[in-house]
Amino acid sequence: MPRSLWLLIIGMMINVTGASFLWPLNTIYIHEHLGKSLTVAGFVLMLNAGASVIGNLVGGILFDKIGGFKSILLGIIITLISVVALMFFHGWPTYMYLLIFIGFGSGIVFPATYALAGTVWPEGGRKSFNAIYVAQNVGVAAGASLGGLVASISFNLIFVANAVLYAVFFLIAFFGYRNIDASKGTQTSILEQKTVVKNRTKFNGLVILCIGYLLCWVGYVQWPSTISSHTQNLNIPLSQYSLLWTINGALIVCAQPLISLFVKRFAKSLKKQMIIGFVVFIISFIFASYAEQFSGFLVAMVILTIGEMLVWPAVPTIANDLAPEGRQGFYQGFVNSTATGGRMIGPILGGMIVDYYHMNLLFLIIIGLLAIGIVTTSIYDKKIVVAEKRDQEPSGIGA
């Protein structure tokens with residue numbers, strides 16, 4: 001891999017490590033330290049995710065207008081100013097406002113980084129993006145683990161450590177990304193796509209597929225929101241809860257060969273791979289619903305990670321297969337928007353259910369939503385298959 005790609009990988013790892021110091025603990029801090037309800041905590045996380053969506057769209061446009069270097073620097077500066085402010089002002093409602101700015105700034109960084117990764121090593125194909133993806137998960141594992149240890153000492157140190165890591169990221173980007181050539185590549189934004197979708201059958205199939213994808217994300221984001229608070233009610237230390245995310249990231253990085261072998265033997269189609277993933281997610285939430293000690297949540301997290309590794313890569317791959325020529329950006333943008341929609345809806349929905357009812361009901365509802373996801377995944381391509389068979393039939397008797 002070229003040196004410039006290694007710089008992007010290192011920068012992404014530090015970026016995500018800094019973010020992972022804070023994001024798994026947001027609900028705990030808002031609920032336990034600021035004294036707000038889980039519904040309020042979920043609403044704050046929804047605002048953070050919404051700001052990240054806007055940041056992603058803006059980052060894509062800025063990459064085309066001013067280039068990757070300036071786009072990434074702008075995103076880092078916005079995030080760095082916000083996390084430095086968080087060191088001194090982390091009361092209510094300032095905490096909420098700063099989280100919104102952090103979401104927006106970090107959102108700008110991601111599309112520009114991925115676009116640069118594709119331009120600096122075009123002959124690498126998917127390897128460039130896989131390297132960035134692995135770097136993200138290393139950052140998640142390191143940040144979540146260290147964040148829990150630091151938070152067990154003092155939450156104020158979390159804000160300091162977060163600011164230091166973003167400052168390091170700024171220095172790497174400022175001195176390392178300046179000469180990266182992005183002239184060969186372009187970043188497609190969903191805002192720039194035409195609104196007319198010619199192949200309605202395939203797009204409708206994508207919409208049906210993404211319904212299940214959204215429901216899956218609604219369940220997944222309960223782990224850093226309502227389930228994180230639930231573990232605190234069970235007197236599980238923050239360091240142990242953060243260790244769960246370390247294990248999640250480590251499994252994603254290390255278990256890829258095993259997952260590939262499993263897929264080749266038992267899930268030869270992407271649809272079957274997703275359905276198995278949904279079933280694995282359901283099993284994970286069943287285990288989590290009965291867990292009362294760290295060991296129970298550990299088993300549930302390992303199972304959850306297996307489901308994640310089956311479902312998350314499958315959806316963008318299917319979207320790419322369904323997309324007509326020249327529409328890949330729009331289809332991938334739709335998939336990304338769906339995932340973010342799940343991340344926005346999940347925390348506030350889960351918070352309201354737990355606040356007004358109880359945790360066991362939330363687990364039952366999530367399992368029900370995942371079951372709906374299995375149904376939508378099973379039927380998304382029915383009309384597509386019929387249309388393809390019709391197109392392949394001879395046009396006339398003598399044909």
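This is a predicted model: local features need pLDDT of at least 70, side-chain atom pairs count only at pLDDT 80 or more; totals for chains, interfaces and linings use all residues.
**Note on helix packing and buried residues**

1. Helix H2 crosses helix H9 in a right-handed sense. H2 comprises residues 26–33 and H9 comprises residues 226–233.

2. H2 contributes Thr27, Ile28, His31 and Glu32, while H9 contributes Ser228, Ser229, Gln232 and Asn233. By class, the residues of the contact between H2 and H9 comprise 1 nonpolar, 6 polar and 1 charged.

3. For the chain as a whole, the secondary structure consists of 17 helices and 0 strands. The chain has 399 residues, of which 51% are buried. Among contacts with a separation of 6 or more, 85% are between residues 24 or more positions apart.

4. Trp217 deserves attention as an individual position. This residue belongs to helix H8, which spans residues 200–220. Is Trp217 buried or exposed? Its relative accessibility is 10%, and the limit for a buried residue is under 20%, so Trp217 counts as buried. When residues up to four places away in sequence are not counted, Trp217 touches Trp312, Ala339, Gly342 and Arg343.

5. With a relative accessibility of 2%, Asn162 is classed as buried. Which residues does Asn162 contact, leaving aside neighbours within four places in sequence? They are Gly18, Ala19, Leu22 and Val83.

6. Helix H14, covering residues 314–322, contains a set of buried residues: Ala314, Val315, Ile318, Ala319 and Leu322. These residues lie on the same side of H14, because the arc that they cover around the axis is only 135°.

7. A reader new to the structure may wish to begin with the following positions.
   - Ile28 and Glu32 are among the H2 residues that meet H9.
   - Trp217 is buried in this model, and Trp312 is one of the residues in contact with it.
   - Asn162 is likewise buried, with Val83 among its contacts.
   - Ile318 is one of the buried residues of H14.

Methods
Residues are numbered from 1 along each chain as its sequence is written. Side-chain values use heavy atoms; hydrogens and water are left out. Buried means under 20% relative accessible area, exposed over 50%, partly exposed in between (1.4 Å probe, protein chains only). Contact means heavy atoms within 4.5 Å. Axes are lines fitted to C-alpha atoms, for helices over the stretch in contact, and angles run from 0 to 180 degrees between N-to-C directions. Helices (H or I, at least four residues) and strands (E, at least two) are DSSP runs, numbered from the N terminus. A crossing is left-handed if the near helix is turned anticlockwise from the far one by less than a right angle, and right-handed if clockwise. Ala, Val, Leu, Ile, Met, Phe, Trp, Tyr, Cys and Pro count as nonpolar, Asp, Glu, Lys and Arg as charged, and the others, Gly among them, as polar. The arc is that of the directions from the helix axis to the C-beta atoms.
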